[in-house]
Amino acid sequence: MAQAAGGSRRAFLIRLVQGASLAASAGLVWTYVLRNQARATPFALRPPGAVPEAEFHALCIKCGQCVNACPYDTLRLATAWESMPIGSPYFRPREYPCLMCPDIPCKEACPTGALSADLEDIEDARMGLAVIDTENCLSWQGLRCEVCYLSCPVRGKAISLERRPGVDGGLARIVPWVHSAHCTGCGICENRCPTDEATIRVVDGSLVQGRMGAHYRLRAHDPAGLMVFDPPPEPPAVDRGVEGRVPGLDALNLGDWP
Amino acid sequence: MTDVRHEPGAEPGPRPVRLYGLPDSLGGKLWVWRYLILRRLTQFLVILLFFATAHWAWNLFGEPLISGNLSASSVVGLIPLADPFAVLQILFTRHVLATEVLIGAGIVLAFYALIGGRVFCSWVCPVNPVTDLAGWLRNKLGLSNALHLNRSLRYYVLVLALVLALVTGLAAFEWVSPIAMLHRELIFGIGMGLIGVAGIFLFDLMVLRHGWCGHLCPLGAFYSLVGRVAQVRIRFDERTCTKCGECIRVCPEPQVLNLNQAARRGLVTSGECTNCGRCVPVCPEASLSFDLRPLIQRHNQMSNHYSPRRTS
C-alpha cells in the first residue's frame with residue numbers, strides 16, 4: 001500500500017518533470033521566434049508619436065487602425081516574414097513619406113497608446129532622423145540641388161543650407177545640413193532626393209546619434225556643428241527683414257547667404 | 001428513488017434507434033445546413049466589413065464603419081472593440097494600456113460570455129473555414145490520425161503564452177498567431193502569413209483531426225473558459241434521445257457531448273462547445289436545440305408531457 005502510494009508519487013513527479021520540460025522547450029523555441037521577430041529590423045520607421053521601440057512592440061496590438069486613418073498611402077502593416085516585426089505599422093519614406101497631417105489622425109486612431117496621446121504638435125514627432133551621405137549628395141559634390149531643403153516641411157529649421165568651400169578650390173558649395181533638434185523624420189527629403197539611391201535618408205536616431213557627456217565644456221554654442229570644419233567667413237551684412245531667409249536659388253540672387 | 005432516465009448510459013432508450021439521413025430535396029438540405037450557411041455568412045461578413053472599411057471607405061454618419069481588425073477595432077469611431085486575450089497578454093507584459101482598448105476588450109468579453117465563448121471560433125474566426133475544409137477533406141479521404149494529443153493541451157499553451165508575455169515583454173501569441181496573421185493579411189494585404197494557415201491546414205488534414213482548433217489554439221482555450229458562463233447553450237432533451245450518436249459523429253469537440261452529464265444538467269455545459277450548431281439538425285429525434293440557459297430547465301420539463309418526434 002505504502003509502496004503503491006510511493007510509486008504513484010514517483011510517477012506523478014516524473015510526469016510533472018516531463019510536463020515542465022515540454023513547456024520549457026516549447027517556451028524556448030517560442031521565445032526565440034519572438035526575439036527574432038522583435039529585432040527583425042533596427043530601423044522600422046513608426047507612425048508619429050510612437051513610444052520607444054521596445055515599449056511599442058509590447059503595446060501595439062497590430063489592429064491597423066492607424067493605417068486606415070492615414071489619408072495617404074504612407075502606413076503599412078508588416079506581413080509575416082517581412083523584414084519588419086510582424087503586423088506592426090511602418091512606412092518606407094522612399095516609397096511614401098509621412099506628410100505630417102497637423103491633426104495626426106493615425107495617433108488619434110490608436111486604441112492602445114502605442115502611438116502616444118502626448119504628441120500634440122506634429123512638428124514634435126520624432127519618427128527618425130535624416131542623415132546625408134555627403135559622398136553622394138549632389139550639393140556636397142559641388143552641384144546645385146537643394147531639393148531636400150526645399151521639400152522639408154519644417155522649412156529652414158530641420159534642414160538648412162550652409163556655405164562650404166568649393167571642391168579643389170572651385171566655386172563655393174551650398175550644402176544641406178540636418179538639425180536633429182527639428183527633424184521629425186517624416187522622410188519627405190528622402191522621398192524627393194533626385195539621386196538614384198536616396199543620399200539623404202531617415203534612420204532611427206539612435207543608430208547615428210552619439211552623446212557627448214555633460215562634463216564637456218563647449219567654447220561656443222554651435223548647433224550646426226560648423227566649427228568642426230573651417231569656420232565659414234562672416235556673412236555679408238544683409239538686412240534679412242522680418243521674413244528671415246529667402247529659400248532656394250533665390251538666395252543666390254539676393255545675396256542672402258544662410 | 002431510482003429513475004432510469006437519469007442513468008441514460010445504462011440502457012438504450014425505450015424507442016428504436018433511428019439513424020440520420022440527409023434529405024434528398026435541396027430545400028431539405030439547405031435547412032439541414034442552415035447553421036453552416038449562417039456561420040459561413042457571418043465569417044464572410046466580418047471580413048467584408050473590415051475590408052470594405054479599409055479599402056472602400058464604407059462609413060456610417062461619415063465615420064468609418066468598422067476600422068481595424070479582430071485584434072482591435074472601432075465601430076463608427078465610437079464603440080471600441082478589442083480581443084480580450086490579446087489585451088490580457090499585453091497586460092501581462094506589464095505595460096499600461098490606454099482606456100479605449102480596455103473598454104473594447106470588456107465589451108467583447110461580455111458579448112462572448114453571453115452568447116458562448118467559442119462562438120468566436122465557429123462563427124467569426126477566419127481560420128475556422130480552413131480547418132473545417134481540412135476536416136471535411138480528411139473525412140472524404142478517410143485519413144486517420146498520425147498523432148495523439150490531449151485536448152487540454154490548449155490550456156497549457158494558453159498559460160505558456162501568458163508566462164512568455166511576462167518574461168519577454170511581448171504579447172507572445174499575438175506575434176505568432178496564425179489567426180491574426182490570416183485575418184490581418186486578408187484586410188491589409190496578403191503576405192507570407194498564409195503559410196502559417198497552410199501549415200494549420202496540413203496539420204489538420206494529415207496529422208490530427210481538428211488538430212489546431214480542438215487541441216492547440218490558446219485563443220480557443222481562452223474562449224472555452226469564457227464560455228463556461230455562456231447563456232446560449234445547446235439544450236439536451238434526454239427523454240427523446242435514442243443514443244444513436246449522430247451528434248457525436250459531426251461534433252468537432254465530441255467530448256462536450258457527454259450525454260450522461262448533459263442528461264443530468266439538461267444542456268451541454270462544457271465551455272469547449274463552439275455553438276456551431278452541427279449537432280442540432282442531424283439529431284433524428286430533435287433532442288438537441290439552441291436555447292437560453294435560464295429557460296432550459298423549464299423547456300425540458302415541458303417536454304415531459306409530450307415527445308415531439310420528427311418523421312423524416
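How many residues does helix α4 of chain B have, and how far does it reach from its first C-alpha to its last? Helix α4(B), residues 99–115, has 17 residues and reaches 25 Å, close to the 24 Å expected at 1.5 Å a residue. The expected span is 1.5 Å times one less than the number of residues in the helix. Helices (H or I, at least four residues) and strands (E, at least two) are DSSP runs, numbered from the N terminus.

The model is predicted: local features need pLDDT of at least 70, side-chain atom pairs count only at pLDDT 80 or more, and totals for chains, interfaces and linings use all residues. Residues are numbered from 1 along each chain as its sequence is written, while chains are lettered from A and ligands numbered from 1 in the order in which they are written.

The buried residues of α4(B) are Val101(B), Gly104(B), Ala105(B), Val108(B), Leu109(B) and Tyr112(B). Seen down the axis of α4(B), these buried residues fall within an arc of 130°, so they line one face of the helix. The arc is that of the directions from the helix axis to the C-beta atoms. A residue is buried if 20 or more other C-beta atoms lie within 10 Å of its own, exposed if 12 or fewer, and partly exposed in between, with C-beta atoms placed from the backbone. An α-helix has 3.6 residues a turn, so residues three or four places apart point the same way. The face of α4(B) turned away from the buried side carries the exposed residues Thr99(B) and Ala110(B). The cover over the buried residues of α4(B) includes β4, β5, α3 (84–92), α5 (119–124) and α12 (218–226) of chain B. After α4(B) comes Gly116(B), with a positive phi near 115°.

Two of the covering elements, β4(B) and β5(B), belong to a run of paired strands. Strand β4(B), residues 72–75, runs antiparallel to strand β5(B), residues 79–82, and four bridges join them. Two strands pair if DSSP finds at least two bridges between them. Val75(B) stands opposite Ile79(B) in β5(B), and Val75(B) in β4(B) is also the bridge partner of Ile66(B). The hairpin of β4(B) and β5(B) has three residues between the strands, and Val76(B) in the turn has a positive phi of about 35°.

Leu65(B) is found in the loop between β2 (63–64) and β3 (66–69) of chain B. Leu65(B) is buried, with 20 other C-beta atoms within 10 Å. Not counting residues up to four places away in sequence, Leu65(B) touches Leu49(B), Thr53(B), Trp58(B), Asn59(B), Leu60(B) and Val76(B). Contact here means C-beta atoms, placed from the backbone, within 7 Å. Leu49(B) is 16 residues away along the chain, and the two C-alpha atoms are separated by 7.5 Å.

In the loop between α2 (34–55) and β1 (59–60) of chain B lies Ala57(B). Ala57(B) has a positive phi of about 55° although it is not a glycine, and Ala57(B) is exposed, with 10 other C-beta atoms within 10 Å.

Helix α9(B), residues 178–188, has ten of its eleven residues buried, so it is largely enclosed by the rest of the structure. Its buried residues include His183(B), Arg184(B) and Glu185(B). Just after α9(B), Gly189(B) takes a positive phi of about 120°.

Chain A has eight helices and six strands, and buried residues make up 34% of its 258 residues. The contact between the chains takes 32 residues from chain A and 45 residues from chain B. On the chain A side, α1 (2–38), α2 (53–59) and α3 (65–69) each give two or more residues, and the largest share, nine residues, comes from α1(A).

The largest nonpolar core has 109 residues, and those with the most contacts inside it are Cys66(A), Ala82(B), Ala171(B) and Ala172(B). A nonpolar core is a set of buried Ala, Val, Leu, Ile, Met, Phe, Trp, Tyr and Cys residues joined through C-beta atoms within 7 Å. Ala171(B) touches residues including Ala58(A), Ala86(B) and Ile90(B). A second, separate core of 16 residues includes Ile234(B) and Val256(B).

How values were computed
Contact = placed C-beta atoms within 7 Å.
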